[in-house]
Amino acid sequence: TVTGVQTCALPIYVEKVKKIRAAMNTETKDPMDFVKLLLPRNLETLEISMVSMTQVRHLIMSMKSSGSTGYDDLSSKTLKKCVGVICPHIMHMINSIVRTSIFPQCFKVTKIIPILKSGKPTDKVDSYCLVNCLPTLEKLVEGHILKATNEWIEKCQLISPHHHGGRRNFSTATAKLSLDLAIAQNLDLRCHSAVQIGRAHV
């Protein structure tokens with residue numbers, strides 16, 4: 001049964017979290033103190049505007065067509081088929097969330113699916129990778145908030161221009177291109193170049 005699987009798997013994942021926490025270095029200083037020294041406080045306020053019908057349609061149609069669903073059994077593929085009818089209702093839902101500043105509890109529930117890792121035995125809990133399937137409607141709300149947040153971050157220049165990870169139109173290719181350009185400029189100026197590589201990239 002589902003309850004039986006949960007009872008068996010939960011202690012194992014709890015123990016994993018405890019080991020990860022135990023391996024972390026204890027830092028007594030608040031990281032935000034360093035951030036305040038490096039970056040001046042931004043005076044711009046993040047404001048999330050109301051969404052329009054056109055924006056809702058764009059949010060729906062830009063979603064990846066998939067049959068996967070959250071606990072509500074609504075997929076993005078189904079949503080796209082009825083986009084003309086459901087747009088006004090989704091617009092009202094998103095605007096209500098923005099207006100009231102209350103995120104619905106039902107969107108905080110996720111369906112977790114265990115996926116067997118390649119070459120792993122099926123009778124071991126550690127052989128499975130847990131995948132969270134969020135409700136499709138929650139992804140639309142998240143998309144609208146993410147767009148407003150990204151625009152605010154770019155406007156306030158909160159992210160370094162040398163940061164290439166997790167940004168639109170940036171990747172490892174642009175990071176390498178930026179590095180190559182800096183080295184070429186230093187060669188022209190007869191200067192030395194030094195690159196620090198973390199263990200995660202070795």
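The model is predicted, so local features need pLDDT of at least 70 and side-chain atom pairs count only at pLDDT 80 or more, while totals for chains, interfaces and linings use all residues. Residues are numbered from 1 along each chain as its sequence is written, and side-chain values use heavy atoms, with hydrogens and water left out.

I'll start with the overall layout. The protein has 7 helices and 2 strands. Helices here are DSSP runs of H or I with at least four residues, strands are runs of E with at least two, and both are numbered from the N terminus. Along the sequence the order is α-α-α-α-α-β-β-α-α. The radius of gyration is 23 Å, well over the 17 Å that the globule rule gives for 202 residues, so the protein is more spread out than a compact globule. That radius is taken over C-alpha atoms, and the rule is 2.2 Å times the number of residues to the power 0.38. Along the principal axes, the C-alpha atoms fill a box of roughly 65 × 50 × 35 Å.

Next, surface and contacts. The accessible surface comes to about 16100 Å², and 60% of it belongs to carbon and sulfur atoms. Areas come from the Shrake-Rupley method with a 1.4 Å probe, and for residues only the protein chains shown count as cover. Of the 202 residues, 17% are buried. Buried means under 20% relative accessible area, exposed means over 50%, and partly exposed is in between, with a 1.4 Å probe and protein chains only. A contact means heavy atoms within 4.5 Å. Among contacts with a separation of 6 or more, 56% are between residues 24 or more positions apart.

On charges, there are 26 positive and 16 negative, and their mean positions are 5 Å apart. Lys and Arg count as positive, Asp and Glu as negative, and His and the chain ends are not counted. Each charge is placed at NZ of Lys, CZ of Arg, CG of Asp or CD of Glu.

Now the core. The largest nonpolar core has 18 residues, and those with the most contacts inside it are Ile60, Leu79, Ile90, Met93, Ile94, Leu137 and Leu140. Two or more residues each come from helix H3 (53-61), helix H5 (83-100) and helix H6 (136-156). H5 gives the largest share, 7 residues. By a nonpolar core I mean a set of buried Ala, Val, Leu, Ile, Met, Phe, Trp, Tyr and Cys residues joined through side-chain atoms within 4.5 Å.

What does leucine 79 touch, leaving aside neighbours within four places in sequence? Its contacts are Ile60, Leu74, Ile86, Ile90, Thr136, Leu137 and Leu140.

Two buried residues come next. Methionine 63 sits in the loop between H3 and helix H4 (76-81), and at 15% relative accessibility it counts as buried. Not counting residues up to four places away, methionine 63 touches Ser76, Lys80, Thr136, Lys139 and Leu140. Asparagine 95 lies in helix H5 and is buried at 10% relative accessibility. With neighbours within four places set aside, asparagine 95 is in contact with Met50 and Val51.

Isoleucine 145 and isoleucine 94 are 51 residues apart in sequence and 9.4 Å apart in space, C-alpha to C-alpha.

Leucine 37 is exposed at 74% relative accessible area. Its C-alpha is 48 Å from that of lysine 120, which is 83 residues away in sequence.

Last, backbone angles. Serine 101 has a positive phi of about 60° although it is not a glycine. It is found in the loop between H5 and strand E1 (111-116) and counts as exposed at 66% relative accessibility. Arginine 190, also not a glycine, has a positive phi of about 60° as well. Arginine 190 is in the segment after helix H7 (172-188) and is exposed, with a relative accessible area of 79%.
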